[in-house]
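Visitor: I would like to go through this model with you. Please show me the sequence and the structure.

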Amino acid sequence: MKFRNSVLLSALMAATALGGIANAQDGEKQYRFVMVSHIGSNDPNMGWLTKSMEEFERKYPNVKTEYISTNNYSVQEHVRLLEQAISTQPDGIAVPIVSSDAFEGPLRKAIEAGIPVVAFNIPDGRPEGERIPYLTYVGGDEYLTGKKLGEYALEKAEAGEIPKPTHVVCASHDSAHQGLKARCAGMKDAMEKAGAKVDELFIGAEPATARNTLQSFLQANPDTNYIFTVAGWSSPWAWGVANEMKLDPDVDDKGVTVLTVDEGPVSIEGVRAGHVLATNSQGFWLQGYAPMEWLYWNKEFGYAPQSYILTGPVIINKDNADKWAELVRGVFGDKAYDEQNTW
Amino acid sequence: MKQIVRSQGFGAIIGVVVVLVVFSLIDFSGWWTAQTITNVTQFTAILSFVAMGQALVIMTKEIDLSVGSVYGLAGVAFITLEPSFGVPGSLVIALVMAAFVGLLQALTVVKGHLPSMIVTLGGLFAVRGIIYVWTGGSVHNFSADARIHPVTRLFGGELFGVEAAIFWLVVVAAVLGIVLRATPFGNRLLATGGNRESAESRGVRTDRVKIWAFVLCSLLAGFAGILTLCNQPQTHVTLGENMELEAISAAVIGGCLLTGGRGSIIGAVLGALIVVSFRYELIALGAPSSWYITFVGVVLIVAVIFNQKLARFLGHSV
C-alpha cells in the first residue's frame with residue numbers, strides 16, 4: 001500500500017514500534033475490541049475501517065477486533081447493536097456518537113463497568129462536562145467539514161472560477177444523524193456570511209426517491225446554485241438531477257456547483273471528472289486504526305489522551321485529487337476502486 | 001357516469017381531483033409547469049409499477065412487504081450482471097430473479113399456511129441482506145456501451161415523445177386493467193380475496209391465484225427497478241429501501257381494501273400520483289421534507305375511512 005499521507009505514515013510508524021514492544025512480551029494478555037459502527041455494508045467507507053482494523057490485528061496479534069454495523073440508518077437499531085455488544089463484555093468499544101441522548105445510557109453503563117470507550121467518526125457534540133465520559137474522540141470534525149468546504153467554495157467564487165452562492169441546499173440522507181447536521185451547520189455558517197441562503201433537505205437514502213425529492217426542491221427554488229451532498233455516494237444523484245434539469249452542474253463559472261464529502265472513489269472521481277468542486281477526507285483509515293490503538297494502550301499501559309484526535313477535514317480538490325486517487329487505489333485495489341466509481 | 005362512480009378507483013379519482021384543485025389554488029404557477037409535471041409523473045410511473053403489483057396481492061387478501069427489496073435486487077442484478085451477460089441477458093436474469101423471489105414467498109405463504117405479512121417481512125430483510133452481501137456496499141455503473149444499448153434506451157429514454165417509464169406504465173396498466181376486469185383470471189383474483197370459501201366452492205383454485213399474484217407483484221417491482229436504472233444508472237445498495245410502504249400506501253389510497261376482493265389498477269396508479277404529488281408540493285411550500293411521511297400517513301388514514309364508507313355506500317360488504 002502506498003500511503004502518502006504523512007499523518008498516516010506517522011501513525012503507522014508509531015504502531016509498528018509499539019507493536020514490536022507488545023510482541024516482544026511473553027504471556028501477553030488477550031484482548032477483544034469491538035467497533036459498533038453506523039457505516040454498514042451499504043457504505044463503501046466501511047472498507048477503510050475494516051482494512052485498517054485488519055492492519056491493527058497484524059501489528060497486535062494478541063488483540064481480536066470485531067466490526068459490527070447497522071445498514072439502515074436507524075439510531076434505535078444502532079443502540080440495540082451497541083447494547084448487544086456491551087453484553088458480550090468486550091475489552092473495549094469504539095462507537096460513533098450518532099445521537100448523544102440515545103447512546104448516553106448504554107455507554108455510561110459500559111464505562112462504569114470498566115469497559116473503555118473511544119468515540120470515532122462522530123463525537124458527543126455537547127459541552128465538556130455534559131458529554132459521555134469516553135476516553136477520547138478520533139475522527140474528523142463534522143462542523144469543520146462543512147465550514148471548510150464552504151470556505152473553499154467561497155474562495156473559488158471570489159476568484160471567479162465558480163458562481164457566487166445565492167442559495168445552497170444541504171442534501172442529507174439521514175435526518176437524525178447529528179454528524180450530518182453538523183456538516184450542514186458548518187456549510188450554513190460559511191455561506192450565510194457570504195449572504196447566501198442555506199436550506200437543509202432530507203432526501204433519504206433511496207436513489208429514486210432522493211432524486212425526486214431533490215428535483216422537487218430545485219424546481220421550487222430556482223435560485224439554488226450550490227448543492228452540498230453530505231454523503232459521497234449521493235453526489236452523482238445530485239449532479240444527475242441538476243444535469244437533467246439543464247442547470248449546468250459541472251464545475252465552471254455558471255450554473256449549479258456540487259460539493260460533497262468523503263475520500264471514496266465516487267467523490268474523488270467526481271472531482272477529477274469536473275462534476276464536483278471539492279470533497280474532503282476525514283482520515284477514515286485512521287478512524288479504524290487509532291481507536292483500536294488507544295483502547296490497547298489504555299488497557300495495556302493505562303494511557304489516556306488529553307484531547308480529541310482530529311483526523312480531518314482535508315480538502316480534496318482538482319489539484320490533489322490524482323494523488324488521492326492513487327492513495328485510495330492502494331487501499332481498495334484497482335478493481336474495487338473502479339467498481340465503486342458510480343459516475 | 002354511473003359506471004365511474006361504481007368503479008373501485010372512484011375514491012382515488014376524487015382524491016386526485018381534490019389534490020389538483022387544492023395545489024392549483026395554493027401554488028398554481030409552481031404546480032402547472034412542464035418541469036413539475038414531468039418530475040411528478042416520472043416518479044409516479046416508477047411507484048405505480050410497484051403499487052399495481054401490491055394492489056394485485058392486496059386484492060387476494062394478502063400483502064407483500066418485500067417489494068422494495070425485490071425492486072432493489074432486480075436493479076442491482078441488472079447492473080451487476082451486465083458485464084457478463086449483456087444488457088438483454090442481465091435484464092432477463094434480473095426479472096427471473098424477481099419472479100423467483102415472488103414464487104418462493106408465495107409457495108411459503110400458500111403451502112405453509114403462513115401469514116403473508118411475516119413471510120414477506122422475512123423476504124424484505126433476506127433480499128436486502130443478499131444485496132448487501134452481493135455488492136459489498138457498492139453498486140458499479142453501467143458501462144458507456146450499456147447506456148446506449150437499444151434495450152437500455154427502450155426502457156430508459158424517451159418513446160414517442162414521452163418518458164419510457166410513463167409509456168410502459170400506460171401499456172402495462174392497460175393490460176393489467178383488462179386482465180383484471182375482462183378475463184376469468186381477474187374474476188378469480190377478486191373472488192379469492194372477496195370470499196375464499198365461496199370462490200373455492202365455485203372451482204377457483206385460490207392457491208394458484210395467490211401464487212400468480214405474488215409472482216406478478218415481484219415481477220412488476222423488478223421491472224420498476226430496471227426502468228429506474230435504465231433511466232438513471234447511478235445507484236446505491238439502498239435502491240428500493242422503504243418503497244414497500246409507499247407502494248402499500250398508494251394501493252390503499254387507490255381504493256384497495258386490506259380485507260381483500262376490492263381494488264383497481266387505475267386506483268393504484270392514481271394513489272401513486274397522490275403520494276408523489278404530496279412530496280412535491282410539501283417541498284415547494286417550504287415544509288421540511290421529513291414532514292412528507294407524516295402527510296402520507298394522514299392521507300392514508302383518510303383514504304381508508306373514505307374508501308370504506310364509499311364501498312358501504314355502494315352496497316359492498318367490507
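Visitor: In chain B, what share of the contacts with a separation of 6 or more comes from residues 24 or more positions apart?
Guide: This is a predicted model: local features need pLDDT of at least 70, side-chain atom pairs count only at pLDDT 80 or more, and totals for chains, interfaces and linings use all residues. Residues are numbered from 1 along each chain as its sequence is written, chains are lettered from A and ligands numbered from 1 in the order written. A contact means C-beta atoms, placed from the backbone, within 7 Å. For chain B the share is 77%.

Visitor: How many of the 318 residues in chain B are buried, as a percentage?
Guide: Buried means that 20 or more other C-beta atoms, placed from the backbone, lie within 10 Å of the residue's own. In chain B, the buried share is 52%.

Visitor: Which residue in E11(A) is the bridge partner of Gly139(A)?
Guide: Strand E5 (residues 136-139) of chain A pairs with E11(A) in the parallel sense, over two bridges. Gly139(A) has as its bridge partner in E11(A) Leu310(A).

Methods: A residue is buried if 20 or more other C-beta atoms lie within 10 Å of its own, exposed if 12 or fewer, and partly exposed in between; C-beta atoms are placed from the backbone. Two residues are in contact if their C-beta atoms, placed from the backbone, lie within 7 Å. Two strands pair if DSSP finds at least two bridges between them. Helices (H or I, at least four residues) and strands (E, at least two) are DSSP runs, numbered from the N terminus.
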